Amino acid sequence: MSLPVIVIFLGVLVSVGVAAVALGGTSPRALVRKRARALNRPQQNKPGVAAGARQATTSVKRAEARSVPSVEALTRRIMPRQAALRDRLARTGYAIAPGSYATICLGVAAFMSLAIYMAVGLLPLAVLLGLVAGAGLPHLVVGILGARRKASFVNLLPEAIDLMVRGLKSGLPVTESMAAVGREMIAPLGPEFAHITDCVRFGQPLQGALWDTARRMDAPEFNFFVISLSIQRETGGNLGETLGNLSDIIRRRRQMRLKIRSMS
């Protein structure tokens, strides 16, 4: 076996090992739940706990999967548009850190380079095609997973809004109605609403938590929902009626999309 093949093979092994370690971290939902239980303990009235709660509130915004520290630090220095990448990875519903994603890309590139080199025997061509595959295949897979999860989220949103409307009409506040959605609705919508209520329990403003989720999901229907809540908090009015009308609009948009798809 030639030296280039050995180098590429070792690169594959190292990349796969680092990715396995990186993807074995704690999920953000588990981190949030653990911190919420800690804050709800009786000693939260002791001096200094309020400052700790404020610090924990900011940590919720940064809660994400962790990879190997050295790989994560290197990724932060060289990878462009990291905020957009984090949102794109979070949209898949899996706890993938940017460092883990970069490691997977390197592993795919090394594996494809090895396979192409063994097939054609041209090292420059193998390396070039391997780099293209390493950049393109994980990007494609993440895009498919994110689009599929966003579609499921949007399809469940009208039912979630109806559940909130029933809670509001029974006298529950907005946050408790959203907590009921987080408990009752299935994934992916239920965990997202539960994450919003967890952030609010930490002290993060409701509008901030909603817009964080809206940016991560990148769904116009959920943006309408957040805007409706924001306008109602500023101007007042019947929130239940507003959300009921929004639920009807989202259903009509979905029906129109299906009708256009069937006609085309």
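Colleague: Is Ser113 buried or exposed?

Modeller: Ser113 is buried, with a relative accessible area of 6%. Bear in mind that this is a predicted model.

Colleague: Where does Ser113 sit, then?

Modeller: Ser113 belongs to helix α6, which covers residues 98-120.

Colleague: And which backbone oxygen lies 2.7 Å from a polar atom of the Ser113 side chain?

Modeller: That of Ala109.

Colleague: Let me switch to the inside. How many residues does the largest nonpolar core have?

Modeller: The largest nonpolar core has 32 residues. Those with the most contacts inside it are Leu189, Phe193, Leu210, Phe222, Phe225 and Leu243.

Colleague: Which elements give two or more residues to this core?

Modeller: Helices α7, α8 (174-184), α9 (189-201), α10 (206-217), α11 (220-235) and α12 (239-263) do. The largest share is that of α7, with 10 residues.

Colleague: Take Leu243. What does Leu243 touch, not counting residues up to four places away in sequence?

Modeller: On that count, Leu243 touches Ile161, Met164, Val165, Leu168, Phe225 and Leu229. Phe225 is also listed with Leu243 among the residues that have the most contacts inside the core.

Colleague: On to charges. How many salt bridges does the structure hold?

Modeller: The structure holds 9 salt bridges. One of them is between the side chains of Glu192 and Arg149, at 3.0 Å from N to O.

Colleague: Why does that pair tie together parts that are apart in sequence?

Modeller: Because Glu192 lies in helix α9 and Arg149 in helix α7, and the parts they join are 43 residues apart in sequence.

Colleague: Are Glu192 and Arg149 buried or exposed?

Modeller: Glu192 is buried, and Arg149 is buried too.

Colleague: What about Glu159, which side chain does it meet in a salt bridge?

Modeller: Glu159 meets Arg251, at 4.0 Å from N to O. Glu159 is in helix α7 and Arg251 in helix α12, so this pair ties together parts that are 92 residues apart in sequence.

Colleague: And what is the relative accessibility of those two?

Modeller: Glu159 has a relative accessible area of 32% and is partly exposed. Arg251 counts as partly exposed as well, at 22%.

Colleague: Now Asp198. Which residue forms a salt bridge with Asp198?

Modeller: Arg201 does, with the closest N and O atoms 3.1 Å apart. Both are in helix α9, and because they are 3 residues apart there, about one helical turn separates them.

Colleague: Which residues are linked in a network of salt bridges?

Modeller: Asp87, Asp212 and Arg215 are linked in such a network.

Colleague: Last topic, the surface. Which residues form a nonpolar patch there?

Modeller: Val120, Leu122, Leu125 and Leu129 form one, and together they have about 320 Å² of accessible area.

Colleague: Where is Leu129 found?

Modeller: Leu129 is found in helix α7, residues 123-169. At 38% relative accessibility, Leu129 counts as partly exposed.

Terms used:
Residues numbered from 1 in each chain as written. Predicted model: local features only at pLDDT ≥ 70, side-chain atom pairs only at ≥ 80, totals over all residues. Heavy atoms only, no water. Patch = residues over 30% accessible without salt bridge, like charges linked within 9 Å, V, L, I, M, F, W, Y side chains within 5 Å. Areas by Shrake-Rupley, 256 points an atom, 1.4 Å probe, with all protein chains shown as cover. Helix = DSSP H or I, 4+ residues; strand = E, 2+ residues; numbered from the N terminus. Buried < 20%, exposed > 50% of the residue type's maximum accessible area, 1.4 Å probe, protein only. Polar contact = N/O pair within 3.5 Å; in protein donor to acceptor, adjacent residues only side chain to side chain. Core = buried A, V, L, I, M, F, W, Y, C linked by side-chain atoms within 4.5 Å. Contact = heavy atoms within 4.5 Å.
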